Amino acid sequence: MPTARDCLIVVDVQNDFLPGGALAVPRGDEIVPLVGPLAARFETVVLTQDWHPASHVSFATNHPGRPPFETIDLAYGPQVLWPAHCVQATPGAALADGLDVPHAVVILRKGANAEVDSYSAFREADRTTDTGLAALLKARGIERVFVCGLATDFCVAWTAEDAAAAGFATVVVEDVCRAIDLDGSLAAARATMAAAGVVFTTADRIA
Ligand code: VGL
Ligand code: ZN
């Protein structure tokens, strides 16, 4: 059973990442009803929301001639170009209907800087700009972070890796995640997470 020193981060369970959305994660809808019962076991729950301006650097539409899902090199490293998604205050950016976490204490919006992507809830893709989340969790006495949500191989993975790097014991609740799986990105993300000390579990094991 999670204690007061555990927290759950629910990553990007937003309309644009569900089937029919702008950047649909296959079977992403399946996790929506699983999040509420999982979150109910945690006193501290953080929701994240991908929250981009229309001019965001990760949107293929902002790179004329470049198709979505191609990778380009930016000053801070490789960047996958995505279909425009989770544009601030649009219906696609809204948290999914049926996401039932009334006791969430923080909704962290990320990716608002037009020039830098932010898969992780802890820092932007330049790997330097801190969101302040680690300090917030530490101030609340959190020592272990569980992560679930969308997508396993991007925002969940980067969030989990950064949680581990920030000194939290980090656990990914794998059955309450779904992946985009672009060119082997899921297997790569699993390996990178494991190398960072992240461990994996399933919701039924968090009694
Ligand atoms: C995500 C790609 C672009 C995610 C966000 O939530 O995993 N992936 N923006
Ligand atoms: Zn995004």
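Arg127 lies over the face of Trp158, 4.6 Å from the ring centre. Lys138 takes such a place over the face of Phe168, at 5.2 Å from the ring centre. A charge counts as over a ring if NZ of Lys or CZ of Arg is within 6 Å of the ring centre and within 35 degrees of the ring normal.

The model is predicted: local features need pLDDT of at least 70, side-chain atom pairs count only at pLDDT 80 or more, and totals for chains, interfaces and linings use all residues. Residues are numbered from 1 along each chain as its sequence is written, chains are lettered from A and ligands numbered from 1 in the order in which they are written, and side-chain values use heavy atoms, with hydrogens and water left out.

Aromatic pairs come next. A pair of aromatic rings is described by the distance of the centres and the angle of the planes. Rings of Phe, Tyr and Trp (its six-membered ring) pair if their centres lie within 6.5 Å; planes under 30 degrees apart count as stacked, over 60 as edge-to-face and the rest as tilted. By this rule there are seven aromatic pairs. Phe42 and Phe146 form an edge-to-face pair, because their ring centres are 5.2 Å apart and their planes stand at 65 degrees. This pair links distant parts of the chain, 104 residues apart. Phe42 sits in the loop between helix H1 (32-39) and strand S2 (44-50), and Phe146 in strand S6 (residues 144-150). Helices (H or I, at least four residues) and strands (E, at least two) are DSSP runs, numbered from the N terminus. Phe42 is buried, with a relative accessible area of 2%. Phe146 is buried too, at 5%. Buried means under 20% relative accessible area, exposed over 50%, and partly exposed in between (1.4 Å probe, protein chains only).

Trp82 and Phe154 also pair edge-to-face, at 4.9 Å centre to centre and 85 degrees between the planes. Again the pair links distant parts of the chain, here 72 residues apart. Trp82 lies in the loop between strand S4 (77-80) and strand S5 (106-110), while Phe154 belongs to helix H3 (residues 152-165). Trp82 is buried, with a relative accessible area of 2%. Phe154 has 10% relative accessibility, so Phe154 also counts as buried. Ring pairs join Trp82 and Phe154 with Phe69, Tyr119 and Trp158 in a cluster.

Helix H3 is mostly covered, with eleven of its 14 residues buried. Among them are Thr152, Asp153, Cys155, Val156 and Ala157. The buried residues of H3 pack against strand S1 (6-11), S4, S5, S6, strand S7 (169-178) and helix H4 (185-195). Here contact means heavy atoms within 4.5 Å. Just after H3, Gly167 takes a positive phi of about 100 degrees. In H1, the buried residues are Val32, Val35, Gly36, Leu38 and Ala39. Their cover includes S1, S2, S6 and S7.

The zinc ion (ligand 2) has three residues as protein donors: Asp50 (OD), His52 (NE2) and His85 (NE2), lying 2.0 to 2.2 Å from it. Donors are N, O and S atoms within 2.8 Å of the metal (3.2 Å for Na, K and Ca); water is not among the atoms, so sites may look incomplete. The four donor atoms around the zinc ion subtend angles of 87 to 170 degrees, so the arrangement is irregular. Four donors count as tetrahedral if all angles lie between 85 and 135 degrees; four count as square planar and six as octahedral if opposite donors are over 155 degrees apart and all others between 65 and 115; anything else is irregular. In sequence the donor residues are spaced D-x1-H-x32-H. Asp50 in strand S2 and His85 in the loop between S4 and S5 are 35 residues apart. Asp50 is buried at 3% relative accessibility. His85 is buried, also with a relative accessible area of 3%.

Ser58 lies in the loop between S2 and strand S3 (71-74). Ser58 is buried, with a relative accessible area of 0%. Its side chain makes a polar contact with the side chain of His56 (2.8 Å). A polar contact is a pair of N or O atoms within 3.5 Å; within protein, one must be able to donate a hydrogen and the other to accept it, and residues adjacent in sequence count only if both atoms are side-chain atoms. Leaving aside neighbours within four places in sequence, the contacts of Ser58 include His52, Trp82 and His85.
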